[in-house]
Amino acid sequence: MEVGGAGLYVYSDTELDRAEGEAIEALKAKCQQAIPDPDKWLEEELRRNVLLTSVDFMLNWARRSSLWPVVCFPACCAFELIATAASRFDISRFGMEIIRASPRQADLMITAGTLTWKMAPQVRRIYDQMAEPKWVIAMGACAISGGTFAQSYSVVPGYNRIIPVDVYVPGCPPRPEALLYGIKMLRHKISKKSIIVEG
Amino acid sequence: MAIKTEPFVINIGPVHPSTHGVFRMRATLDGEVVIDLELVIGYLHRGIEKLAEGRTYTQNIPFTDRLDYLASMSNNLAYVMAVEKLAGISVPERAEYLRVIMAELQRIASHLIGVGAFLNDCGAFMTPFLYMFREREKILDLFEMVCGQRLTYNYMRIGGVSHDIPEEFLPALDKFVRQMPGFIDEYDQLLAENEILLARAKGVGILPKELAINISASGPVLRGSSVKWDIRKADPYSVYDRFQFDIPIGSVGDCYDRYWVKIQEMRQSVRIIKQAMEQLPSGEVLTEVPHLLHPPVGEVYGHIEAPKGELGFYLVSDNSVAPYRFHVRAPTLINLTALRDMMIGWKVADAIIIFGSIDICLAEVDR
Amino acid sequence: MTVALSAKEIATKLEGQFPGSIIESNQNNLVVKSESLLEVATFLKTTPGLDFDYLTSITAVDYYDYFEVVYHLTSIKHNHSLVVKTRCYDRDNPSVPSVVSLWRGADFQEREIYDLMGISFDGHPNLKRIFLWEGFQGHPLRKDYL
């Protein structure tokens, strides 16, 4: 489609579609194995016997007390996430009520919904744009392993094919209480992290 | 001296706070005015139609839950009604009334989100949305009492419903039905004559009547364009012919009309639930149906009036346990056909509102 | 109550107007040759008394020998409905005329059928894949996919 008078060439949608298709096929070919879960914090905990310095303690407290999620609402679990953020299961008591539209300002991605190969490059891009330190909660059966749709021709079997996941919250969809428990687990995990051996 | 301008293209979505899911629009803008629009969908295409061919008829009921996840009861109802029509199975009276009660409660829940999200897009950031969620939580409590789930219920079965209602359901429903008109009046009082809503939504995104029929629109989009067509009246299914209710229609076909139609439909749903509660008979709730159902060879198209429009299932059977072809007539995909026509000439901010007023659910568009 | 019109009576009317266009007709549905689909559809839409102004849905089914495209038509004015089908015997490059010029609601549905089944529609203004990405090999809803 070329828009504008006098043959002004704005964009060609077939080229854009083809470029998008190539990006998707490239990502699909690259991500045939699941990314292993980040568990460096675990061996570190065993090694140092969970004695953190006071700087670590303050930083971890600050980081876990106001995690800001980024907008990533593909499917049904999104509505349980929104219900968690609504007034009954208030997520604001954990400092998380601001769901940031811009990934640069967020540090948590709660993946609420089925991931398809067409959407995968966009989610990867959002994840890459988030600044360190960042965490990912895989919410729901579709995010953990593809769920009911795992055998489909267009569904990614779990978000951990394209981004490393920290906490898995099962359910279809998980109740808001389950999601809050998952967030509590994540805060527990963050409190164990140390800044000295990062990077 | 005229300023030389060039049209440019921006990409709205798929990850966007007000696109109601993963929906992408490539908008060509001249300044701030939309001069062309292209929709890109398919970011949530999970291949349900293909997967359903490998599962039995009863195993497909949870798939239908996940189509329009805000109205799972209606999706279940449409599917089991289509299978019952195909296989010639009759449903007990009590189950029919329970189905109607659940479907109408689901209509209220879905319209609450539709209206709440629309107002969110209009700029009333979270206030009406959270108010609507407060009522929705009451409805979800009722559903949880019946079937244990908050979002994807899997409650209807081929031949009836899966469980009978517990004893605390009817008193709780009675309390809800008595309070709900008061809540709707509360929303009306805040919103109906609100200057900002009127300025932003009246006259914006008009869908003319002939175009609405030509694009096969259905649901509040069609009724907002003053076409009196509701499957519950035109082709009554289940026991809808025993209830008295009105069909609200809009006058112009702009965003305000679609919003107004949804609010009035909520009132009518409360009316239907009251009548259904009074007429509820006793009896069984599920006919005996074989575990592995082998419907006779044939095809069927069964449709209902789901909250978002006419939801239809086209099933082809070849006498085996799984459907040969399972096709969903998705109302929201078809309602989107006119999006380009409705948006051209308006500014980007209006484009978001027009899109919100159609009230789509991406899981149903993409299936 | 929406009356499902008897396809046999419509078939006799159509045979009078467009001879040789009907392949078969029984109580429930009407099978039309794909070449005469557009004329039959125009007749059904514009004849007073029939007035099928609302296209409820278009689907395609893959029977192993042929593809069948099913049109469910409704008339809002008279509250009656009809099922029209057309068949396509070519497996490699199936093609059927498009009804977008009559009912614009066919737009996305025909694109979906092209995407998932591979049937192309002549006369469609923008026939490209809608759900799957450009570069996806194959048409998933066919019976011989995977």
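Predicted model: local features only at pLDDT ≥ 70, side-chain atom pairs only at ≥ 80, totals over all residues.

Visitor: How do you know that the radius of gyration of chain C agrees with that of a compact globule?

Guide: The rule for a globule is 2.2 Å times the number of residues to the power 0.38. For 146 residues this gives a value near 15 Å, and chain C has 15 Å, so the two agree. The C-alpha trace of chain C spans about 45 × 30 × 25 Å along its principal axes, and 41% of the 146 residues are buried.

Visitor: How do you know which parts of chain C touch chain B?

Guide: Two residues are in contact if their C-beta atoms lie within 7 Å. By this criterion, 23 residues of chain C are in contact with 27 residues of chain B. On the side of chain C that touches chain B, β4 (54-63) and α3 (106-117) of chain C each supply at least two residues. The largest share, six residues, comes from β4(C). That side of chain C divides into twelve nonpolar, eight polar and three charged residues.

Visitor: How many residues are in contact between chain A and chain B?

Guide: There, 35 residues of chain A are in contact with 33 residues of chain B. On the chain A side, α4 (77-85) and α5 each supply at least two residues, and α4(A) gives the most, with three.

Visitor: Why are the buried residues of helix α5 of chain A said to be on the same side?

Guide: The buried residues of α5(A) (residues 120-129) are Ala120(A), Gln122(A) and Val123(A). They cover an arc of only 165° around the axis, and therefore lie on the same side of α5(A). These buried residues pack against α1 (13-30) of chain A, while the face turned away from them carries the exposed residues Arg125(A) and Asp128(A).

Visitor: Why is Asp174(B) called partly exposed?

Guide: A residue is buried with 20 or more other C-beta atoms within 10 Å, and exposed with 12 or fewer. Asp174(B) has 13, so Asp174(B) is partly exposed. This residue lies in helix α6 (residues 169-191) of chain B.

Visitor: Which residues have the most contacts inside the largest nonpolar core?

Guide: That core has 207 residues, and those with the most contacts inside it include Cys72(A), Ile137(A), Ala78(B) and Val83(B). Helix α4 (residues 93-122) of chain B gives the most to this core, with 17 residues. Leaving aside residues up to four places away in sequence, Val83(B) touches Tyr57(B), Ile158(B), Pro295(B) and Leu315(B).

How values were computed
Residues numbered from 1 in each chain as written. Chains lettered and ligands numbered in written order. Helix = DSSP H or I, 4+ residues; strand = E, 2+ residues; numbered from the N terminus. Nonpolar A, V, L, I, M, F, W, Y, C, P; charged D, E, K, R; others polar. Arc of directions from axis to C-beta. Core = buried A, V, L, I, M, F, W, Y, C linked by C-beta atoms within 7 Å.
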